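Let us read a protein model together, one feature at a time. Keep the sequence and the 3D view open.

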Amino acid sequence: MKNILVINGSARKGSVSTALCNAFIEAAENGFNIKTYNAYKLNAKPCYGCGYCDKNKGCINHDLDEFMADFEAADYFIVSTPVFNGSVPSPLKAIVDRFQRYYALRFAHGIKPPVTKPKKAALIITAGSKGEGKENIENMFKQQFTVLNTTLETVIFVDSTDTVELTDTQLENAKNKGSKLFLMAGS
Ligand SMILES: Cc1cc2nc3c(=O)[nH]c(=O)nc-3n(C[C@H](O)[C@H](O)[C@H](O)COP(=O)(O)O)c2cc1C
């Protein structure tokens, strides 16, 4: 059975990004293992840039061991996040920075690819204002995915969420994109 790892970057009740993410993974509810983490609950320690992972395999801190094992086992990696000040909320950014251990495996230890199992990724991004943050967030993950053996397959971006309610059509679009990723094209 294929594994889907979801990381949710919103802590809000009635979160728009979470609603879109739930619609996105609906098609996978049968026949896939889905594991979801909330970045706020996970409460990852930040990367200190200590260089431990350059000399050793893994991180000096063990709070993300289970998450990273799930990441390595994943076939799909879904990141769902609001835009905060042009980027992702700090609990999610801490997780992004903690992927440094794989840069170290690749460039300090010479292991290619540093993540054995290839992954298909999706980004689900919501912004309160029009057009903000998508490009920054997409570029950050695209760059990181080049090291993580991960291909960005689809991006869902819904903006103006602070003034305009999410529509059924937007939810339906998210659902259709999820069906396409999980159920079609030999996925
Ligand atoms: C601390 C903070 C910073 C934010 N920064 C931005 C921003 O830079 N640009 C923007 O368009 N919206 C910004 N927003 C609004 C959120 O992106 C918006 O409310 C989003 O849809 C929330 O997603 P959620 O409902 O999934 O939690 C910010 C909200 C908060 C609380």
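The dialogue below goes from the sheet to the core, the ligand shell and some backbone details.

Q: What kind of model is this, and how are residues numbered?
A: This is a predicted model: local features need pLDDT of at least 70, side-chain atom pairs count only at pLDDT 80 or more, and totals for chains, interfaces and linings use all residues. Residues are numbered from 1 along each chain as its sequence is written.

Q: How do I read a sheet, and in what order do the strands run here?
A: Strands of a sheet pair through backbone hydrogen bonds, either parallel or antiparallel. Helices (H or I, at least four residues) and strands (E, at least two) are DSSP runs, numbered from the N terminus. Two strands pair if DSSP finds at least two bridges between them. Here 5 strands make an open sheet, ordered S2-S1-S3-S4-S5, with parallel pairing. The edges are S2 (32–38) and S5 (150–158), and each pairs on one side only. On average, neighbouring strands are turned by 15° against each other, direction ignored. Axes are lines fitted to C-alpha atoms, for helices over the stretch in contact, and angles run from 0 to 180 degrees between N-to-C directions.

Q: How many bridges join S1 and S2?
A: S1 (residues 2–8) pairs with S2 in the parallel sense over 7 bridges. Look at Leu 5: it stands opposite Lys 35 in S2.

Q: Which helices pack on the sheet?
A: Two residues are in contact if their C-beta atoms, placed from the backbone, lie within 7 Å. Helix H4 (residues 65–73) packs on the sheet and touches S1, S2 and S3 (76–82). The direction of H4 makes about 135° with that of S1. Helix H8 (residues 168–183) also packs on the sheet, touching S2, S4 (119–126) and S5. The direction of H8 makes about 170° with that of S5.

Q: Which way do the side chains of S3 point?
A: In a regular strand the side chains alternate between the two faces of the sheet. From S3, Tyr 76, Ile 78, Ser 80 and Pro 82 point one way. Phe 77, Val 79 and Thr 81 point the other way. S3 is mostly covered, with 7 of its 7 residues buried. A residue is buried if 20 or more other C-beta atoms lie within 10 Å of its own, exposed if 12 or fewer, and partly exposed in between; C-beta atoms are placed from the backbone.

Q: What are the partners of S3?
A: S1 and S3 pair in the parallel sense over 5 bridges. Ile 4 has Tyr 76 as its bridge partner in S3. S3 and S4 pair in the parallel sense over 7 bridges. Ile 78 has Ala 122 as its bridge partner in S4.

Q: Which residues have the most contacts inside the largest nonpolar core?
A: A nonpolar core is a set of buried Ala, Val, Leu, Ile, Met, Phe, Trp, Tyr and Cys residues joined through C-beta atoms within 7 Å. The largest one here has 46 residues, and Leu 20, Phe 24 and Ile 78 have the most contacts inside it. Helix H1 (residues 16–25) gives the most to this core, with 6 residues. Beyond four places away in sequence, Leu 20 touches residues including Ile 124, Ile 156 and Leu 171.

Q: Why does Phe 24 count as buried?
A: Phe 24 counts as buried because it has 26 C-beta neighbours inside 10 Å. Phe 24 lies in H1. Phe 24 and Ile 156 are 132 residues apart in sequence, yet 9.2 Å apart in space, C-alpha to C-alpha.

Q: Which residues come nearest to the ligand?
A: A residue is near a molecule or strand if its C-beta atom, placed from the backbone, lies within 6 Å of it. There are 19 residues around the ligand, and Ser 17, Pro 82, Ala 127, Gly 128 and Glu 132 come nearest. H1 gives the largest share of this shell, 3 residues.

Q: Where is the cis peptide bond, and which residue has a phi near 45°?
A: Most residues other than glycine have a negative phi, and most peptide bonds are trans. A cis peptide bond joins Lys 112 and Pro 113, with omega about -5°. Asn 85 has a positive phi, near 45°, and is not a glycine. Asn 85 sits in the loop between S3 and helix H5 (90–98). Asn 85 is exposed, because 10 other C-beta atoms lie within 10 Å.
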